[in-house]
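This report goes through selected helix packing, aromatic pairs and backbone features of one protein model. The sequence and coordinates come first.

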Amino acid sequence: MKAIINSRIVTKETVLTGHVLVYDESGIQQIVSTDNFQAGKCRVITDGSGYIAVPGFINEHIHGLGGVDVMDDDPQALAIMAKRLPETGVTAFLPTTMTYDLPSITRALTRICRYMKEQRIGAKVLGAHMEGPFISDVYKGAQKSTHIVKADFSLIEPFIDTVRIVTLAPETLPDNSFLEACKKAGIIVSVGHSAATYEKLAERLAGLDHYHVTHLYNAQSPLHHRKPGVVGAALTDERAVCELICDDVHLHPAAQRLAYIAKGRNGIILITDSIRACLTENGESELGGQKVFVHENRAELADGTLAGSVLTMADGVRRFMHNTGASLPEAVAAASLNVAVSLGLDHQLGSLEVGKAADIVLLDEDTLQVKKTIIDGTDRKSTRLNSSHSAKS
């Protein structure tokens, strides 16, 4: 077994001090007080002084980073993403496709399906998030109009075991049959790139027990006091779980605060929506076959349209806490547990509990920068933390 000592441990509800996190490749074995810790049973002991232990982050909406993109016709792209994501504290993710020609989307989903069966080292692929192509041209954002098509479940059916979330514009559907098919298949419907009215959403989504809202406030009908739109529905419907891009570019801090007040600790999921330019230098990049220009923490098309982000999850958690006043457990849950609950994986992932996977991130207590990432009990990203190995190792 292995152990992390002298760190503050973030649980679902609180932050523990004076406790030791004991784990191995099969999962978390104990969270025990320092007085009751039996060091002799552990072959590796990491001194986490000055660090906070949190569950691994789960990113449900990410297009790329480190120079690669989910849509790349490159069998190594997903492997590169999985290898680099632990640097950002992410231990599991949903590779996200975008509005593209249908053959390209099919190839991307095929690669994701194949990769899930192989599951190499690095962040775990939990399935795919399809962002489009069933969206509205009115709020297409950085998606290409020429690739937008009407919703057709037969396009998803071959990947029913791979696709976990579908972002779509409900007002473009002729009836509710597509949504009913998603519900039956266990695929989460996410409202996004949508010009729907508040009333149309109520009509279309009536049969769903829950749904997501893709990057709340962005690329959707806004909140108006006489026309609440998608944003008004998202903030007031208890069934809605809202994605937030907390880079302070996509969302003003006050908008983040409003979402936190309206949705509470369980109704928000932090995402990055990052593109291939994340973890690379500023300059020219690409998204969906379009040129993207990155300066500091802003990514734009040539016309100034925001084109995803270069945000990392750890930075999003830090900004969300600062802007909303959320507690550390609340902010961490928005990047981990809330996603796991939505995906029906909270019995395995999303919090530091005995019996769950040993997906653990150590963050610097002052800056919340990632210092060590552990996936299934194995180090995937480390800095110079003080670890001692017993003779058993």
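The model is predicted: local features need pLDDT of at least 70, side-chain atom pairs count only at pLDDT 80 or more, and totals for chains, interfaces and linings use all residues. Residues are numbered from 1 along each chain as its sequence is written, and side-chain values use heavy atoms, with hydrogens and water left out.

Helices (H or I, at least four residues) and strands (E, at least two) are DSSP runs, numbered from the N terminus. Buried stands for under 20% relative accessible area, exposed for over 50%, and partly exposed for values in between (1.4 Å probe, protein chains only). Helix H3 covers residues 177–185, and its buried residues are Phe178, Leu179 and Cys182. Viewed down the axis of H3, these buried residues fall within an arc of 100 degrees, so they line one face of the helix; the arc is that of the directions from the helix axis to the C-beta atoms. An α-helix has 3.6 residues a turn, so residues three or four places apart point the same way. Glu180 and Lys184 are exposed, on the face of H3 turned away from its buried side. The buried residues of H3 pack against strand E14 (163–168), strand E15 (188–191) and helix H4 (198–204), where contact means heavy atoms within 4.5 Å.

Three aromatic pairs occur in the structure. Rings of Phe, Tyr and Trp (its six-membered ring) pair if their centres lie within 6.5 Å; planes under 30 degrees apart count as stacked, over 60 as edge-to-face and the rest as tilted. One of the pairs joins phenylalanine 134 and phenylalanine 178: it is edge-to-face, with 5.4 Å centre to centre and 70 degrees between the planes. Phenylalanine 134 lies in the loop between strand E13 (128–131) and E14, and phenylalanine 178 in helix H3, so this pair ties together parts that are 44 residues apart in sequence. Phenylalanine 153 and phenylalanine 178 have ring centres 5.8 Å apart and planes at 75 degrees, so this pair is edge-to-face. Phenylalanine 153 lies in the loop between E13 and E14, and the pair therefore ties H3 to a part 25 residues apart in sequence. Phe134, Phe153 and Phe178 form one aromatic cluster. Phenylalanine 134 is buried; phenylalanine 153 is buried with a relative accessible area of 14%, and phenylalanine 178 is buried with 6%.

**Other helices**

Which residues of H5 are buried? They are Gly229, Val230, Val231, Gly232, Ala233, Ala234 and Leu235. With seven of its eight residues (229–236) buried, H5 is largely enclosed by the rest of the structure. Its buried residues pack against E15, H4, strand E16 (211–213), strand E17 (240–245) and H6.

Two helix pairs are set out in the table. Axes are lines fitted to C-alpha atoms, for helices over the stretch in contact, and angles run from 0 to 180 degrees between N-to-C directions.

| Helices | Angle | Axes |
|---|---|---|
| H6 (253–263) and H7 (313–324) | about 80 degrees | 8 Å apart |
| H1 (77–84) and H2 (102–118) | roughly 55 degrees | within 10 Å |

Angles under 35 degrees count as roughly parallel, over 145 as roughly antiparallel, 65 to 115 as roughly perpendicular and the rest as oblique. H6 and H7 are therefore roughly perpendicular to each other. Their contact is made by Pro253, Gln256, Arg257 and Tyr260 of H6 and Arg319, Phe320, Asn323 and Thr324 of H7. These residues divide into three nonpolar, three polar and two charged, where Ala, Val, Leu, Ile, Met, Phe, Trp, Tyr, Cys and Pro count as nonpolar, Asp, Glu, Lys and Arg as charged, and the others, Gly among them, as polar.

H1 and H2 are oblique to each other. Leu78, Ala79 and Ala82 of H1 meet Arg111, Ile112 and Tyr115 of H2; the contact has five nonpolar, no polar and one charged residues.

**Backbone positions**

The peptide bond from glycine 132 to proline 133 is cis, with omega near 10 degrees, and proline 133 sits in the loop between E13 and E14. Alanine 219, a residue other than glycine, has a positive phi near 60 degrees and is found in the loop between E16 and H5.

Leucine 279 has a positive phi near 70 degrees and is found in the loop between strand E18 (268–271) and strand E19 (283–287). Leucine 279 is partly exposed, with a relative accessible area of 33%. Leaving aside neighbours within four places in sequence, leucine 279 is in contact with Leu65, Gly66, Arg84, Glu87, Thr88 and Thr312. Leucine 279 and threonine 88 are 191 residues apart in sequence and 9.3 Å apart in space, C-alpha to C-alpha.
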